[in-house]
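Subject: Model handover

Hello,

Here is the model for your files. My notes on it follow below.

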Amino acid sequence: MARELFLISTKAGAYEKNLPKKIQCFFPNAEIVETKYPDHLTEIVDEFSKRKISNKRLYLLGGDGSLNEACSILQGTDTALGLIPYGTCNDFAKTLYSHQFSLEEYLEGLSDLQQFPLDLIQHNHGVSINILSAGIDSMVLQNAYNILKYFPRLKSLAYVLSAIYTIFRYPGIEIHWEGDHGVGDDVVKLVALCNGRSYGGGFTPAPDANPMDGTLEFCYVKDCSPFALIPKMIKYRKGIHLEDPAFRKIKTKKGKIQFKESVIGNFDGTIFNTRTIEYEVLPKKILFVAPRQFVKTSLHP
């Protein structure tokens, strides 16, 4: 049985029909599987992780949603996961990799691999590798999905258009938070628990987050008027908002966030409704692998 599997998510935003041929140019005998139906990805990942062989590596061609599906299966196993970004936004790849690259460059780079463990977020709605959030940003995500149904070529621009629309329709909400980082109350537009640095097509709530350091960053945006929020969200997108008093960022490992009323939340593209988020970081829970030349050296704690 093969020690390496290339798994192609056909629902990924940048999926191409010729991907298997491109891979075979570098690895003629590679095992390559394309997803064919809902839950096929999790079935393939689960089957591969249970093979009785050592040094297994699964290379996933997909986006943040596909990545999170794979992580939920592979956490705590000895199977290493490699991410080849083929999604609409590829937000976690922006945390992990120093620059963009082609599939051919990635495949060439497999001759010099780096293997390393990454943290995950365990919460009462599932498991996340990147960012768990709730509030106006999740409304933006939901509205962006609706835009992309009709205008898929907009890609990440759909998130920007959705943000402009949603800002004028979403009020602030009261929260109570507590955990190893303290206790507090506030009225906010959104909250985010960050293992990675960016989400939603490039919004960057935690520009210094490190998925290797065993901690999360709890971020929130205080309530303000729509016209005051617009320039703040521009800063938030660029990751230059941390000096603005409307934003707060706290290091945390475990805690709870309670909302006065039900809000829409999301983690790595999965949308849910909630009034409570309970969370805990799972240090070094999943094994990652990537060409050494692409991994950000600044991530190593």
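C25 is exposed, at 66% relative accessible area. Exposed here means over 50% relative accessible area, buried under 20%, and partly exposed in between (1.4 Å probe, protein chains only).

Two points on provenance. This is a predicted model, in which local features need pLDDT of at least 70 and side-chain atom pairs count only at pLDDT 80 or more, while totals for chains, interfaces and linings use all residues. Residues are numbered from 1 along each chain as its sequence is written, and side-chain values use heavy atoms, with hydrogens and water left out.

Cysteines

A search of the whole structure finds zero disulfides. The criterion is a pair of cysteine sulfur atoms within 2.5 Å. C71 is in no disulfide: the nearest cysteine sulfur belongs to C194 and is 16 Å away. C71 is buried, with a relative accessible area of 0%.

Helices (H or I, at least four residues) and strands (E, at least two) are DSSP runs, numbered from the N terminus.

Nonpolar patch

L157, L161, I164, F168 and F227 form a nonpolar patch on the surface. Together they have about 530 Å² of accessible area, from the Shrake-Rupley method with a 1.4 Å probe; for residues, only the protein chains shown count as cover. Patch residues have over 30% relative accessible area and no salt bridge; like charges are joined within 9 Å, and nonpolar side chains (Val, Leu, Ile, Met, Phe, Trp, Tyr) within 5 Å. Helix α7 (residues 157–167) gives the most to the patch, with three residues. F168 lies in the loop between α7 and β8 (173–179). F168 is partly exposed, at 44% relative accessible area.

Salt bridges

How many salt bridges does a search of the whole structure find? The count is 17. Each is a side-chain nitrogen of Lys or Arg within 4 Å of a carboxyl oxygen of Asp or Glu.

- K50 and D46 meet through their side chains at 3.1 Å, N to O. K50 is exposed at 54% relative accessibility, whereas D46 is partly exposed at 28%.
- K260 pairs with E174, with the closest N and O atoms 3.4 Å apart. This pair links distant parts of the chain: K260 is in strand β12 (residues 254–267) and E174 in strand β8, 86 residues apart. K260 is exposed at 52% relative accessible area, and E174 is partly exposed at 41%.
- D244 pairs with K232, with the closest N and O atoms 3.1 Å apart. D244 lies in the loop between α8 (226–238) and β11 (247–252), and K232 in helix α8, 12 residues apart. Both D244 and K232 are buried.
- D208, D213, E217, K249 and K251 are linked in a network of salt bridges.

Best wishes
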